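Please look through the structure shown here with attention to single side chains and to what surrounds them.

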Amino acid sequence: MMKAILVDDEPANLENLSALIKKHCSQIEIVAVEKDVAQAAISVKNHRPDLLFLDIQMGTHTGFDLLNLLPDKSFEIIFVTAYDHYGIQAVKFAALDYLLKPVDIDELVTAVGKAEQKIREKKQNQQLDFLLNLIKKGDSAPPKIALPQLQEIRYVQVSDIIRCEADNTYTNFFLSSGEKIMVSKPLKEYADMLQPHGFIRSHQSHLVNPAFVKSWLKEDGGTLLLTEGYKIPVSKPNRERVKNLLNK
């Protein structure tokens, strides 16, 4: 999901654009709808959106006035305007795209698709930078793993991960701090990544850090009791392998 803020001084335009996005762009979550520049600036700082749908002419102010108020422009911009001649100026502000009112559905879907691709590439580049920095540091730094979130990439110490649990195509990370982090990648990807750090795949849906295993319970044929009180099942085909790994 991409977080988006809509900014337009005309309520009818905001209502129409909101309805089109909700109906045709399910990958977008509208987190705020603003009618003036000052309040929009506050919302952008508070919500840190991925995407900004921005009207250009808003009474005595313009969308460019809003952008000049924001030192951090890490979001993508889609201008929405009734005036075609603003297109050149929009390009100068590095807008991803601009839509003419009344908004055409196909053009909206295309613009949102471009935004989704660009945001994904940006996050992948951030992960690559993180990997390169780890390589430069060598073995002197404690190992970390990058967990991509909607608004950020979390860098977590591998030793702080108690366990990982599959949730369809998502993976939930449970940390020693009590925090739970959901990542939109399958468990298998992290099982391969964490296996060199000793993590054990006890079950199709569970990956465990052996440092947090307290005991082996004989209930249900095999269950791992973790120090935090979690009970993790061990599937029948994995029982001997898990026991051998825990005895090392």
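Asp8 is buried, with a relative accessible area of 4%, where buried stands for under 20% relative accessible area, exposed for over 50% and partly exposed for what is in between, with a 1.4 Å probe and protein chains only. This residue of the predicted model lies in the loop between E1 and H1, helices (H or I, at least four residues) and strands (E, at least two) being DSSP runs numbered from the N terminus. The side chain of Asp8 makes a polar contact with the side chain of Lys101, at 2.8 Å; a polar contact is a pair of N or O atoms within 3.5 Å, of which, within protein, one must be able to donate a hydrogen and the other to accept it, while residues adjacent in sequence count only if both atoms are side-chain atoms. Leaving aside neighbours within four places in sequence, Asp8 is in contact (heavy atoms within 4.5 Å) with Asn13, Leu14, Glu34, Lys35, Asp55, Met58 and Lys101.

A polar atom of the Asp8 side chain also lies 2.9 Å from the backbone nitrogen of Glu10. Glu10 belongs to the loop between strand E1 (2–7) and helix H1 (11–24), and is partly exposed, with a relative accessible area of 42%. Although Glu10 and Asp36 are 26 residues apart in sequence, their C-alpha atoms are 9.6 Å apart in space.

The residues are numbered from 1 along each chain as its sequence is written. Because the model is predicted, local features need pLDDT of at least 70 and side-chain atom pairs count only at pLDDT 80 or more, whereas totals for chains, interfaces and linings use all residues; side-chain values use heavy atoms, with hydrogens and water left out. The pLDDT, the predictor's confidence in each residue from 0 to 100, averages 85 over the protein, and 86% of the residues score at least 70.

Which kind of aromatic pair do Phe173 and Tyr190 form? Rings of Phe, Tyr and Trp (its six-membered ring) pair if their centres lie within 6.5 Å, and planes under 30 degrees apart count as stacked, over 60 as edge-to-face and the rest as tilted. By this rule the count comes to three aromatic pairs. Phe173 and Tyr190 form one that is edge-to-face, with 4.9 Å from centre to centre and 90° between the planes. The pair links distant parts of the chain, with Phe173 in strand E11 (residues 170–175) and Tyr190 in helix H6 (residues 187–194), 17 residues apart. Phe173 is buried at a relative accessible area of 0%, and Tyr190 is buried at 1%.
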